[in-house]
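This report describes how two protein chains are arranged and joined. Please look over the sequence and the structure first.

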Amino acid sequence: MEGPDRRTDGELLVSTARDPEAFAIFYRRHVRAVLSFFRRRVGSAEVALDLTAETFAAALEGSRRYPPRPEPARGWLFGIAWNKLHDAQRCGRVEDVARRALGMAPMMLSDEAVERLEAVAAAGVPAMRANGR
Amino acid sequence: MTDDPLAALERELVDAARRLAAGGHRRSPRVGAIVSALLALGTLVLAVLSIVLAHH
């Protein structure tokens, strides 16, 4: 059985251009924290998911220009998240620029999905692991 | 409708990452249309300028 991937977030982002699965690992490490971040600041789980999706789509686009750097990539990701939040608050709606640019389909949520999102967001941020993230 | 939105989002992102890896950046259709229109307009302006300059 394979253990957890030991690459840092920065290494995963740099690898994404030739190894799309690397971005999935990056996503799984941070999606709950990003969702919780938005859920604490917006009125519904659906809007929080919308912002989360736009944040990761922008991160995927940005990964092609991501230079290896000593700072944890988590800070870079949350910088994107703050910008998306400010844009949404300023415009009164969540933009979908990055998702459209990547050709991503919009998601329709069932009631069960919304409940599941609320539970994930309420569970909060897992403790950070100590491998340079 | 999806019951597991985080898993669905992961699939969408990995598919998008594969498309990027396979063919580079995918420009949105709207951006493509705007760029094409600007290029056509630029060509038209150049053609008009050429005609005007040729008659002076």
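## Salt bridges between the chains

Between chain A and chain B, 2 salt bridges are counted, a salt bridge being a side-chain nitrogen of Lys or Arg within 4 Å of a carboxyl oxygen of Asp or Glu. The side chains of R28(A) and E10(B) meet in a salt bridge, with 2.3 Å from N to O.

## Basis of the model

This is a predicted model, in which local features need pLDDT of at least 70 and side-chain atom pairs count only at pLDDT 80 or more, while totals for chains, interfaces and linings use all residues. Residues are numbered from 1 along each chain as its sequence is written, chains are lettered from A and ligands numbered from 1 in the order in which they are written, and side-chain values use heavy atoms, with hydrogens and water left out.

## The interface

In the interface, 33 residues of chain A are in contact with 23 residues of chain B, where contact means heavy atoms within 4.5 Å. The area buried between chain A and chain B is about 2,500 Å², and carbon and sulfur atoms give 67% of that area; buried area here is the accessible area (1.4 Å probe) that two parts lose on being put together, summed over both.

T52(A), in helix α3 of chain A, is buried, with a relative accessible area of 0%; buried means under 20% relative accessible area, exposed over 50%, and partly exposed in between (1.4 Å probe, protein chains only). Leaving out residues up to four places away in sequence, T52(A) touches V31(A), V34(A), L35(A) and F38(A), as well as L9(B) from chain B. T52(A) and F37(A) are 15 residues apart in sequence, and their C-alpha atoms are 9.1 Å apart in space.

## Chain B

Chain B contains 2 helices and 0 strands, helices (H or I, at least four residues) and strands (E, at least two) being DSSP runs numbered from the N terminus. Of its 56 residues, 23% count as buried, and chain B exposes about 4,000 Å², of which carbon and sulfur atoms supply 68%; accessible areas come from the Shrake-Rupley method with a 1.4 Å probe, and for residues only the protein chains shown count as cover.

Helix α1 of chain B (residues 5-23) has 19 residues and reaches 27 Å from its first C-alpha to its last, close to the 27 Å expected at 1.5 Å a residue, the expected span being 1.5 Å times one less than the number of residues. The buried residues of α1(B) include L6(B), L9(B), E10(B), L13(B) and L20(B), and what covers the buried residues of this helix includes α2 (20-39), α3 (45-63) and α6 (111-123) of chain A.

On the surface, I34(B), L38(B), L41(B), L44(B), V45(B), L46(B), V48(B), L49(B), V52(B) and L53(B) form a nonpolar patch with about 960 Å² of accessible area together. Patches are made of residues with over 30% relative accessible area and no salt bridge, like charges being joined within 9 Å and nonpolar side chains (Val, Leu, Ile, Met, Phe, Trp, Tyr) within 5 Å. L49(B), one of the patch residues, lies in helix α2 (residues 29-54) of chain B and is partly exposed, with a relative accessible area of 45%.

## Salt bridges and loops of chain A

Over all chains, the count comes to 14 salt bridges. One of them joins D19(A) and R7(A), whose closest N and O atoms are 3.6 Å apart; D19(A) lies in the loop between α1 (9-15) and α2 of chain A and R7(A) in the segment before α1, so the pair ties together parts that are 12 residues apart in sequence. The side chains of R39(A) and E118(A) also meet in a salt bridge, at 2.8 Å from N to O, and because R39(A) lies in helix α2 and E118(A) in helix α6 of chain A, this pair ties together parts that are 79 residues apart in sequence.

R90(A) forms a salt bridge with D87(A), with 3.3 Å between the closest N and O atoms, and the two, being 3 residues apart in helix α4 of chain A, are separated by about one helical turn. R90(A) counts as exposed at 64% relative accessibility, whereas D87(A) counts as partly exposed at 26%. D50(A), E54(A), K84(A) and R99(A) are linked in a network of salt bridges.

R69(A) is placed in the loop between α3 and α4 (73-91) of chain A and counts as partly exposed at 35% relative accessibility. The C-alpha atoms of R69(A) and G10(A) are separated by 7.3 Å, although these residues are 59 residues apart along the chain.
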